[in-house]
Amino acid sequence: MATGAFDSPRGGVAVIESMATRAKLIASVLSNAKNVRYADACKIAEWLGFVAKGQKGDHNAFARPGEVELLNFQDRGGMIKPYQARQLQKMIEKYWFSGGSDVESDG
C-alpha cells in the first residue's frame with residue numbers, strides 16, 4: 001500500500017506510511033543512535049506494539065504487553081538521548097525483525 005491519506009473517523013485526515021517509508025526510518029535509527037528525532041522514536045515504538053503510558057514533563061513512557069522493559073523518551077530539542085535510542089534499537093531488533101507484531105504489515 002502506498003503512502004496516502006484518508007478521512008479519519010475522528011475527523012481530519014490520517015496518513016498511512018508505506019512499508020518503504022517505515023523501513024527507511026527503521027534503518028536510519030539503527031544506523032545512528034545520536035540522531036533520532038523524538039517524534040520518530042514515539043512513532044516507531046507504536047509500530048512495535050508499544051502503547052504510550054503517559055507523559056510527565058518532557059518524558060513519554062511506552063509499554064508493550066508481555067515486555068518487561070519500558071521505552072522512555074525524553075524530548076530534548078526535538079531529539080532523544082543516545083542511550084534512549086540504543087534502547088529503541090534493541091526493541092527494533094527484537095520485534096521488527098522477529099515478526100513479533102504486525103509491524104511488517106500496512107494494516
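**Note on the predicted model: helix packing and selected residues**

1. From the N terminus on, the elements of the protein chain run β-β-α-α-β-β-β-α. The secondary structure comes to three helices and five strands, where helices (H or I, at least four residues) and strands (E, at least two) are DSSP runs numbered from the N terminus. This is a predicted model, in which local features need pLDDT of at least 70 and side-chain atom pairs count only at pLDDT 80 or more, while totals for chains, interfaces and linings use all residues. Residues are numbered from 1 along each chain as its sequence is written, and side-chain values use heavy atoms, with hydrogens and water left out.

2. Two figures describe the protein chain as a whole. Buried residues make up 34% of its 107 residues; buried means under 20% relative accessible area, exposed over 50%, and partly exposed in between, with a 1.4 Å probe and protein chains only. Among contacts between residues at least 6 apart in sequence, 44% join residues at least 24 apart, a contact being heavy atoms within 4.5 Å.

3. The packing of α1 and α3 deserves attention. Two packed helices are described by the angle between their axes and the distance between the axes. For α1 and α3 the angle is about 135° and the axes are 9 Å apart. Axes are lines fitted to C-alpha atoms, for helices over the stretch in contact, and angles run from 0 to 180 degrees between N-to-C directions. Angles under 35 degrees count as roughly parallel, over 145 as roughly antiparallel, 65 to 115 as roughly perpendicular and the rest as oblique; α1 and α3 are therefore oblique to each other. Their crossing is left-handed, a term used if the near helix is turned anticlockwise from the far one by less than a right angle, with right-handed used if clockwise.

4. Which residues form the contact of α1 with α3? From α1 come Met19, Arg22, Ile26, Val29 and Leu30, and these meet Leu88, Gln89, Ile92, Glu93 and Trp96 in α3. By class, this contact has seven nonpolar, one polar and two charged residues. In this classification Ala, Val, Leu, Ile, Met, Phe, Trp, Tyr, Cys and Pro count as nonpolar, Asp, Glu, Lys and Arg as charged, and the others, Gly among them, as polar.

5. At 12% relative accessibility, Gln89 counts as buried. Not counting residues up to four places away in sequence, Gln89 touches Val29, Leu30, Asn32 and Ala33. The C-alpha atoms of Gln89 and Leu30 are separated by 5.8 Å, although these residues are 59 residues apart along the chain. The side chain of Gln89 also reaches the backbone oxygen of Val29 at 2.8 Å.

6. Helix α1 packs with α2 (residues 38–47) as well, at an angle of about 115° and with the axes 11 Å apart. Here too, α1 passes α2 in a left-handed crossing. Arg22, Leu25, Ile26 and Val29 in α1 meet Asp40, Lys43, Ile44 and Trp47 in α2. This contact has five nonpolar, no polar and three charged residues.

7. Is α2 largely enclosed or open? Seven of its 10 residues are buried, so α2 is largely enclosed by the rest of the structure. The buried residues are Tyr38, Asp40, Ala41, Cys42, Ile44, Ala45 and Trp47. They pack against α1, β3 (51–56), β4 (59–63), β5 and α3. After α2 comes Gly49, whose phi is positive, near 95°.

8. The loop between β5 (71–74) and α3 (82–96) holds Gly77, and Arg76 is also placed between β5 and α3. Gly77 is exposed, with a relative accessible area of 80%, whereas Arg76 is partly exposed, at 47%. The C-alpha atom of Gly77 is separated by 9.0 Å from that of Arg37, 40 residues apart along the chain. For Arg76 and Arg37, 39 residues apart, the separation is 9.2 Å. Leaving aside neighbours within four places in sequence, Arg76 is in contact with Asp58 and Lys81.

9. Ser18 is buried, with a relative accessible area of 11%. Its side chain makes a polar contact with the side chain of Thr21 at 3.0 Å. A polar contact is a pair of N or O atoms within 3.5 Å; within protein, one must be able to donate a hydrogen and the other to accept it, and residues adjacent in sequence count only if both atoms are side-chain atoms.
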